[in-house]
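This briefing is meant to be read beside the sequence and the structure. Please keep both in view while going through the points that follow.

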Amino acid sequence: MIKFTVLSCMVLFLAGCGARDSTGIQHTVFIFKENRTTDSYFGTFPGVDGATQGVTSTGKVVPLDHILDRFQGQGLCNAWDCAIAAIDGGKMDRFDLIAGGTLSSYTQAHESDIPTYWAYASRFVLADHYFTSVHGPSLPNHLFSVAAQSGGVIDNASAAGKGSICDGTPVGSVTVIDKNGNRRQQSPCFDFQTLPDLLQNAGISWAYYAGGGGVLALINHIRNGPAWQHNVGTPEQFMTDARNGQLPAVSWLLPPGDKSEHPPNSICEGENWTVEAVNAIMQGPDWSSTAIFITYDDFGGLYDHVPPPQVDQFGLGPRVPMLIISPFAKRGYISHTQYDHSSVLKFVESLYRLPPLTERDGGASDMLDSFDFTHVQPPLVLSERQCP
């Protein structure tokens, strides 16, 4: 692949390289964290479609209480049925019922709780209509993040059953739903096409940085093929690759579990880990040609007031935060365009002229409304902070 620098893009701009010319991007980084909603993190951010109060199943309007750094989230349910119940046909008024009849879902961080994320949002792009791909928990959304489908999976693996992942490790079974709504149990090992496959076939470099290989451990031809050795790494390896200018064209990055921000893990410690990853890119030689997408896999049972559009049987699910950080990101921009996890795949597919994997990424926004390739932003290197 020919190296295309920021300078060459600016030269080409004089000859017509416009605001949607994405050829300056040589590296896409998709950082996937866990279990927060847009209202729970950015509900009070200026200009965002946010809320500071929510509606319960009784019709009562309640404030979103200040969330604790290590929020326990007792009783919160983010499973398929719970998500559908909370959404309540778009009324968004039954989050108390999926929290065991409590108001645990109705919580919100302040700017002082996530100052780095607010700093990124103020300088770069915050998307306030970014939805999860599935109205359900982590696993189906992680599958969407690499394949624009879940193989019919609607929930996380259950300890019940005798299923196993693709290397034969027993993990229980997963629930799969068909087009008529019928459910069955099966092993969490699949063999559908993924974006890594498209990239590999096109000769475009990629890597998936996650402990245990993340969701790629459930894709049979990857788990038991050469890509498992050559393209799957650890979060620690990502930091090294970013600092040394050895990032592939496309990478997925998942944090260690205790840095994921999944309740009850510390918000502050998770934010610090994100700062370390972003700083590694910004202080490395690849910053000038990188687009970073930071989002959350699912809503985690936390309240959000915006009804997710129902584009098909699987979703969309409740909103989650999305930060877009790049020298080409619009400065201080809030995108109100509808995105979901499939949109990041569409961005990559548009960048490299790859075909869509499914109808979902085929119809998704390419996210280019959040970029302006006629202006270049400097890095914003931030310090990690002392956690409570």
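In strand 10 (residues 206-209), Trp 206 and Tyr 208 point one way and Ala 207 and Tyr 209 the other way, and all are buried, where buried means under 20% relative accessible area, exposed over 50% and partly exposed in between, with a 1.4 Å probe and protein chains only. Helices (H or I, at least four residues) and strands (E, at least two) are DSSP runs, numbered from the N terminus. This is a predicted model, in which local features need pLDDT of at least 70 and side-chain atom pairs count only at pLDDT 80 or more, while totals for chains, interfaces and linings use all residues. Residues are numbered from 1 along each chain as its sequence is written, and side-chain values use heavy atoms, with hydrogens and water left out.

**The sheet and its strands**

- Two strands are said to pair if DSSP finds at least two bridges between them.
- With strand 12, strand 10 pairs in the parallel sense over 4 bridges; Ala 207 has Ser 251 as its bridge partner there, and Tyr 208 stands opposite Trp 252 of strand 12.
- Strand 10 also runs parallel to strand 11, to which 2 bridges join it, and the bridge partner of Tyr 209 in strand 11 is Gly 233.

- Val 232 lies in strand 11 (residues 232-233) and, at 19% relative accessibility, counts as buried.
- Leaving aside neighbours within four places in sequence, Val 232 is in contact with Tyr 208, Gly 213, Leu 216 and Ala 227, contact meaning heavy atoms within 4.5 Å.
- The C-alpha atoms of Val 232 and Ser 266 are separated by 27 Å, the two residues being 34 residues apart along the chain.

**A helix across the sheet**

**Arg 360 and its surroundings**

- Arg 360 is placed in helix 12 (residues 359-362) and counts as buried because its relative accessibility is 9%.
- A polar contact of 3.3 Å joins the side chains of Arg 360 and Asp 340; the term denotes a pair of N or O atoms within 3.5 Å, of which, within protein, one must be able to donate a hydrogen and the other to accept it, and residues adjacent in sequence count only if both atoms are side-chain atoms.
- Beyond neighbours within four places in sequence, the residues in contact with Arg 360 include Ala 148, Gly 315 and Leu 316.

**Backbone features in loops**

- The peptide bond from Gly 315 to Leu 316 is cis, with omega near 25 degrees, and Leu 316 is found in the loop between strand 13 (290-296) and strand 14 (322-325).
- Another cis peptide bond leads from Pro 263 to Pro 264, with omega near 10 degrees, and Pro 264 is in the loop between strand 12 (250-253) and helix 10 (267-282).
- Ala 148, in the loop between helix 5 (138-147) and strand 8 (174-177), has phi near 55 degrees, a positive value in a residue other than glycine, and is buried, with a relative accessible area of 2%.
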